[in-house]
Amino acid sequence: MSNYFVHPTSIVDDNVEIGEGTKVWHFCHVQSGARIGKNCSFGQNVNVSNNVKVGNGVKVQNNVSLYEGVELEDYVFCGPSCVFTNDLTPRAKYPKGHAGYKKTVVEEGASIGANATIVCGHKIGKWALIGAGAVVTSNVPSHALMLGVPAKRKGWACECGELLPDNLVCSKCGREYKETDDGLEEVK
């Protein structure tokens, strides 16, 4: 008996690792070589392609495809129908295969809003917040609030999800931040 849940309508290929407490809901497909951590949740109609890495505590909402080359670190949130790509210049007649895929890393705690598009080959920093419908076409700094098409930084977000004021002290949890070359860093 497994220590994770897979709905009977879902397909899990051979050579897959799924961590304890993870739930794979209706009509999902987890492909060979995928590695999924503990206590994750995959909503209806999620595809986890070959060799995708997913950390612990990740939540992937309905209708998301995690294509080969995508890596989600711990506690990432993917909103409904958000889109990942893995090829900048795809052609049906000239497929590149996995050697030609661009890597996309979504770092710890980042959240991607519903219907956002993440163009491949970029990094989304820790605890970044990508707004619904945004199109990410470049690297995203840690804690950045990204909105629009193409997505631009419109502010900063705390680890707890609250938007930060100009002094970078969270009014909800009290965390304090400072700007760095990679975005924000918590002051300890």
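Predicted model: local features only at pLDDT ≥ 70, side-chain atom pairs only at ≥ 80, totals over all residues.

1. Six strands make up an open sheet with parallel pairing, and their order is β3-β6-β9-β12-β15-β18. The edge positions are taken by β3 (17–18) and β18 (123–124); each has a single partner strand, so one side of each is left without a neighbour in the sheet.

2. The β12/β15 pair. Within that sheet, β12 (residues 70–72) runs parallel to β15 (residues 104–106), and three bridges join the two strands.

3. The nonpolar core. The largest nonpolar core holds 43 residues. Phe-42, Leu-66, Leu-72, Phe-84, Ile-112 and Ile-130 are the members with the most contacts inside it. At least two residues of this core come from β12, and at least two from β21 (144–147).

4. Surroundings of Phe-42. Which residues does Phe-42 contact, leaving aside its neighbours within four places in sequence? The contacts are Thr-22, Lys-23, Val-24, Trp-25, Cys-28, Ile-36, Val-48, Val-54, Val-60 and Leu-66. Of these partners, Leu-66 is also listed among the core residues with the most contacts.

5. The largest pocket. Its volume is about 160 Å³. The lining consists of Asn-51, Val-52, Lys-53, Glu-68, Gly-69, Val-70, Glu-71, His-98, Tyr-101, Lys-102 and Lys-103. Sorted by class, that lining comprises five charged, three polar and three nonpolar residues.

6. A cis peptide. The bond from Val-149 to Pro-150 is cis, with omega near -10°. Pro-150 sits in the loop that links β21 to β22 (152–156).

7. Positive phi at Ser-81. Ser-81 is not a glycine, yet its phi is positive, near 60°. The residue belongs to the loop between β13 (77–78) and β14 (83–84). Is Ser-81 buried or partly exposed? Its relative accessible area is 25%, so Ser-81 counts as partly exposed, given that buried means under 20% and exposed over 50%.

8. Positive phi at Asn-115. Asn-115, again not a glycine, has a positive phi of about 60°. This residue is located in the loop between β16 (111–112) and β17 (117–118).

Methods. Residues numbered from 1 in each chain as written. Heavy atoms only, no water. 1 Å grid on protein atoms, 1.4 Å probe; cavity = no way out; pocket = protein on both sides within 12 Å on 5 of 7 lines; lining within 4 Å. Points joined across faces, edges and corners; volume = space filled by probe spheres on them. Nonpolar A, V, L, I, M, F, W, Y, C, P; charged D, E, K, R; others polar. Pairing = 2+ DSSP bridges. Helix = DSSP H or I, 4+ residues; strand = E, 2+ residues; numbered from the N terminus. Core = buried A, V, L, I, M, F, W, Y, C linked by side-chain atoms within 4.5 Å. Buried < 20%, exposed > 50% of the residue type's maximum accessible area, 1.4 Å probe, protein only. Contact = heavy atoms within 4.5 Å.
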